[in-house]
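Hello,

Here is the structure I said I would pass on. Please open it first, then read my notes below.

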Amino acid sequence: QVQLVESGGGLVQPGGSLRLSCAASGRLFSPNVMGWYRQAPGKQRELVASISSVGSTNYADSVKGRFTISRDNAKNTVYLQMNSLKPDDTAVYYCYCRSLINYWGQGTQVTVSS
C-alpha cells in the first residue's frame, strides 16, 4: 500500500516562501505524474503544478514564475518551492501521484497572512 506524506506547510507572511515535500512510501508504478492540488475554503480543488517521471512540468497560470516543482525519483519525493506567496495562495495543498493507481496525500495547510 502506497502512502503519500506531505510536510512543510504553515503560516507565512505575504511575500514569504515555503517548501512543501511529499514522500511516497512503497513502490510507485512508472511512468507516473506527481504534483500538487490545492483547495481554498468555498472553492473547488485546483491543480497547482505537476511533474512527470522524466521531468516535464506544468503550472497553473496563477503560480507561474513564483512556484517551482521538482522531484527526486530515487527518494519517491516531490517538492514544491513556493516564493512570493500571496494571501490568495492560502489553501490546503494535496500531493498526488497519477499512474496505474492514483494516490493522494492527506493535505497540508498553507496560510499566507500578515
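Start at Arg66. Leaving out residues up to four places away in sequence, Arg66 touches Gln81, Met82, Asn83, Ser84, Leu85, Lys86 and Asp89. Contact here means heavy atoms within 4.5 Å.

Before going on, note that this is a predicted model: local features need pLDDT of at least 70, side-chain atom pairs count only at pLDDT 80 or more, and totals for chains, interfaces and linings use all residues. Residues are numbered from 1 along each chain as its sequence is written, and side-chain values use heavy atoms, with hydrogens and water left out.

Back to Arg66. It is found in the loop between β6 (57-59) and β7 (67-72). Strands are DSSP runs (E, at least two residues) and helices are too (H or I, at least four), numbered from the N terminus. Is Arg66 buried or exposed? Arg66 counts as buried, because its relative accessibility is 11%. The cut-offs are under 20% relative accessible area for buried, over 50% for exposed, and partly exposed in between (1.4 Å probe, protein chains only).

The side chain of Arg66 has two partners to look at. One is the side chain of Asp89, in a polar contact of 2.8 Å. The other is the backbone oxygen of Ser62, also reached at 2.8 Å. A polar contact is a pair of N or O atoms within 3.5 Å; within protein, one must be able to donate a hydrogen and the other to accept it, and residues adjacent in sequence count only if both atoms are side-chain atoms.

Asp89 leads on to Tyr93. The backbone oxygen of Asp89 lies 2.7 Å from a polar atom of the Tyr93 side chain. That side chain also makes a polar contact of 2.9 Å with the side chain of Arg38. Tyr93 sits in strand β9 (residues 91-98). With 0% relative accessibility, Tyr93 counts as buried. Beyond four places in sequence, its contacts include Trp36, Val48, Phe67 and Met82. Met82 is also among the residues that Arg66 touches.

Now the whole chain. How many helices and strands does the protein have? There are zero helices and 11 strands. Of its 114 residues, 44% count as buried. Among contacts with a separation of 6 or more, 52% join residues 24 or more positions apart. The C-alpha atoms fill a box of roughly 40 × 25 × 25 Å along the principal axes.

Best wishes
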